[in-house]
Amino acid sequence: MFETTMQDIAQRPLKAVPISHLVRESRWAIDAPRSYLVPVLLWFTTGQGRFAIGDDLRGYTAHNAIFLPANTLHACEPCGRTQGTALFLGSRQDLPLPDGALHLRLIGLQQQTELTQLVEGFRQDATAGGPLSGAVRRHRAPLSGRSRLLQQMAGSAPRLVSEW
């Protein structure tokens, strides 16, 4: 019924979606795996829940970032009120993104604030819709998607829970 062509994939834009919207509209559950055609960075600012990639089940809490490469089968089940932002990083092949799935727990306040500001700036640029908004999002995406850069920041390093 719905066929996805390579042209459709090549035109997928960069966008930011509240996680609460994904939970409500997509009916997130641990027994309902899904995948996205583009890489996704999930930044959880409040709440907790369970997240699975394959047979590996883990917990997440506030200030956790989960990076999913394109077409990664995963499942997520929030427990209670969960908020944050999902950055859909588009289908551009020139973005310097990690090769595999990552789960980071940001412990330091400075690191949490910096990633929150990057994600919020990305979200604002996505909704602004100005003449250069697409170019701005393309340049902000690598900053948001490269969570390993946060390890080089001053202060305590984020805890890399796993590379799936």
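Predicted model: local features only at pLDDT ≥ 70, side-chain atom pairs only at ≥ 80, totals over all residues.

Colleague: Then why is the pair Glu25 and Arg24 called a salt bridge?

Modeller: The N to O distance between the side chains of Glu25 and Arg24 is 3.8 Å. The cut-off is within 4 Å, so the pair counts.

Colleague: And what makes Glu25 exposed?

Modeller: Glu25 has a relative accessible area of 51%. Exposed means over 50%, so Glu25 gets that label.

Colleague: How many salt bridges are there by this rule?

Modeller: The count comes to four. One of them joins Glu77 and Arg50, with the closest N and O atoms 2.4 Å apart. That pair links distant parts of the chain: Glu77 is in strand E5 (residues 74–89) and Arg50 is in strand E2 (residues 40–53), 27 residues apart.

Colleague: Why are Glu77 and Arg50 called partly exposed?

Modeller: Glu77 has a relative accessible area of 24%, and Arg50 has 33%. Buried is under 20% and exposed is over 50%, so values in between are called partly exposed.

Colleague: What about Arg123, which residue does it form a salt bridge with?

Modeller: Arg123 pairs with Glu120, and their closest N and O atoms are 2.4 Å apart. That is within 4 Å, so it's a salt bridge.

Colleague: How do you know that Arg123 and Glu120 are separated by about one helical turn?

Modeller: Because they are three residues apart in helix H3. That helix covers residues 109–128.

Colleague: Are Glu120 and Arg123 buried, partly exposed or exposed?

Modeller: Glu120 has a relative accessible area of 30%, while Arg123 has 28%.

Colleague: Where is Ile66, and what makes it buried?

Modeller: Ile66 sits in strand E4 (residues 64–68). Its relative accessible area is 0%. Buried means under 20%, so Ile66 qualifies.

Colleague: How far apart are Ile66 and Ala101?

Modeller: They are 35 residues apart in sequence, but 7.3 Å apart in space, C-alpha to C-alpha.

Methods: Residues numbered from 1 in each chain as written. Heavy atoms only, no water. Helix = DSSP H or I, 4+ residues; strand = E, 2+ residues; numbered from the N terminus. Buried < 20%, exposed > 50% of the residue type's maximum accessible area, 1.4 Å probe, protein only.
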